[in-house]
Amino acid sequence: MKFSSRIDTDRSSAELFDLIGDFSRSERALAARGAQVRRIDPSLEPGTGLGWVIRFHWRGGLRIVRMDVTRFDRPSHITLDGHSDQFDLAINLTVVALSRVKSRLLFETEIRPRTMRARLLLQTAKLGKAQLDRKYDQRIADFVAYLRAV
């Protein structure tokens, strides 16, 4: 199942990339939402090889996701790949310059099932895909607004 969102900002593409590429800021944003984030590679420099184990409660259960940066092409593209016990995840962030002072963030997430139970869960979720798309757009917009404010 794929989700995508685009957000237009009044920042230059370099500023927007620096904002989304500041992983310590993203870690704080996730922690503020109740997730426990543990960095695997303690490197301070963003780039490939950086990874996290993220623990959070969702729908009454503890979920654990391992995420790794697999592509970090300054100033336009970041790819994160991850997995949990039931799903594989791919997150692509692309920054597009619209003008000198405006840019667009393309945020794409793909979820692939790893088990039959996960496949059934995704098939059921597809029935409400329009509502899930709206919630996804809102959550991504809220996340980027939070990153801007911090």
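Modeller: Happy to! Let's begin with helix α3 (residues 116-125), which lies across β6 (87-97) and β7 (103-113) and runs at about 130° to β7. Such angles, from 0 to 180 degrees, are taken between N-to-C directions of axes, which are lines fitted to C-alpha atoms, for helices over the stretch in contact. Contact itself means heavy atoms within 4.5 Å. Helices (H or I, at least four residues) and strands (E, at least two) are DSSP runs, numbered from the N terminus.

A word on the source: this is a predicted model, where local features need pLDDT of at least 70 and side-chain atom pairs count only at pLDDT 80 or more, while totals for chains, interfaces and linings use all residues. Residues are numbered from 1 along each chain as its sequence is written, and side-chain values use heavy atoms, with hydrogens and water left out.

Now the sheet. Seven strands make up an open sheet with antiparallel pairing, in the order β1-β7-β6-β5-β4-β3-β2. At its edges are β1 and β2 (36-39), each pairing on one side only. On average, neighbouring strands are turned by 20° against each other, direction ignored. Two strands count as paired if DSSP finds at least two bridges between them; β2 and strand β3 (residues 51-58) pair in the antiparallel sense over four bridges. Across that pairing, Arg 38 stands opposite Val 53 in β3.

Another helix, α2 (residues 23-32), lies across β2, β3, β4 (61-73) and β5 (77-83), at about 155° to β2.

On to single residues. Ile 91 sits in strand β6 and counts as buried because its relative accessibility is 16%; buried means under 20% relative accessible area, exposed over 50%, and partly exposed in between (1.4 Å probe, protein chains only). Beyond its neighbours within four places in sequence, Ile 91 is in contact with Met 67, Ile 78, Thr 79, Leu 80, Phe 107, Glu 108 and Thr 109.

Leu 62, in strand β4, counts as partly exposed because its relative accessibility is 45%. With neighbours within four places in sequence set aside, Leu 62 is in contact with Arg 55, Phe 56 and His 57. Its C-alpha atom is 20 Å from that of Gly 51, 11 residues apart along the chain.

Finally, Ser 12 belongs to the loop between β1 (2-9) and α1 (13-20). At 15% relative accessibility, Ser 12 counts as buried, and apart from neighbours within four places in sequence, Ser 12 is in contact with Arg 100, Val 101 and Ser 103.
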